Amino acid sequence: VQLQASGGGLVQPGGSLRLSCAASGSIFSINAMGWYRQAPGKQRDLVATITSGGTTNYADSVKGRFTISRDNAKNTVYLQMNSLKPEDTAVYYCNIDFISGDGIRLGYWGQGTQVTVSS
């Protein structure tokens, strides 16, 4: 299984970025998909998750600014980030909870993409 994340970069405060994460490989179905982030010297924290049915959950710090969505046909999860703040600076990781082609429930992390919010 591979998770290919993209869309990170440098943006000024108040700007926007859209992250994408595409899953490929021996996947029968994907349950939840999510985004987490880790700032230097801090633990990895949940940003947002979305179930196969479209139910979403957000960290309080990003509610109203970030939107998570998914394209089930493409096994891809997106994170639209608006009104970015310097404190959003972190490495963003995608995660999936899925059923493999062998029928085993597994979790998997992507490689991370850097988001830097700075003027």
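Mentor: Let's begin with contacts, where contact means heavy atoms within 4.5 Å. Among contacts in the protein chain between residues at least 6 apart in sequence, 54% join residues at least 24 apart. Keep in mind that this is a predicted model, where local features need pLDDT of at least 70 and side-chain atom pairs count only at pLDDT 80 or more, while totals for chains, interfaces and linings use all residues. Residues are numbered from 1 along each chain as its sequence is written, and side-chain values use heavy atoms, with hydrogens and water left out.

Trainee: Okay, what secondary structure does the protein chain have?
Mentor: There are zero helices and 11 strands. Helices (H or I, at least four residues) and strands (E, at least two) are DSSP runs, numbered from the N terminus.

Trainee: And how does its radius of gyration fit a compact globule?
Mentor: It agrees: a compact globule with 119 residues would have a value near 14 Å, and the protein chain has 14 Å. That radius is taken over C-alpha atoms, and the globule rule is 2.2 Å times the number of residues to the power 0.38. The C-alpha trace spans about 50 × 25 × 25 Å along its principal axes.

Trainee: How much of the protein chain is buried?
Mentor: Buried residues make up 41% of the 119 residues. Buried means under 20% relative accessible area, exposed over 50%, and partly exposed in between (1.4 Å probe, protein chains only).

Trainee: Switching topic: how many salt bridges are there?
Mentor: A search of the whole structure gives four. A salt bridge is a side-chain nitrogen of Lys or Arg within 4 Å of a carboxyl oxygen of Asp or Glu.

Trainee: Which residue does Arg37 form a salt bridge with?
Mentor: With Asp88, and their closest N and O atoms are 2.9 Å apart. That pair links distant parts of the chain, 51 residues apart: Arg37 is in strand E4 (residues 27-38), and Asp88 is in the loop between strand E8 (76-81) and strand E9 (90-100).

Trainee: Are those two buried or exposed?
Mentor: Both Arg37 and Asp88 are buried.

Trainee: What about Arg105, which partner does it have?
Mentor: Arg105 forms a salt bridge with Asp97, with the closest N and O atoms 2.5 Å apart. Arg105 is exposed, at 58% relative accessible area, whereas Asp97 counts as buried because its relative accessibility is 17%. Elsewhere, salt bridges that share partners join Arg37, Arg65 and Asp88 into one network.

Trainee: And Lys63? Which residue is its partner?
Mentor: Asp60, with the closest N and O atoms 3.1 Å apart. Asp60 has a relative accessible area of 65%, so it is exposed.

Trainee: Let's look at Ser100. Where does it lie?
Mentor: Ser100 lies in strand E9. Its relative accessible area is 7%, so Ser100 is buried. Leaving aside neighbours within four places in sequence, Ser100 is in contact with Ser26, Ile27, Phe28 and Leu106.

Trainee: Last one: is Thr51 in a strand or a loop?
Mentor: A loop, the one between strand E5 (45-50) and strand E6 (56-58). Thr51 is partly exposed, with a relative accessible area of 32%.

Trainee: What does Thr51 touch?
Mentor: Not counting residues up to four places away in sequence, Thr51 touches Asn31, Ala32 and Arg70. Thr51 and Val1 are 50 residues apart in sequence, and C-alpha to C-alpha they are 19 Å apart in space.
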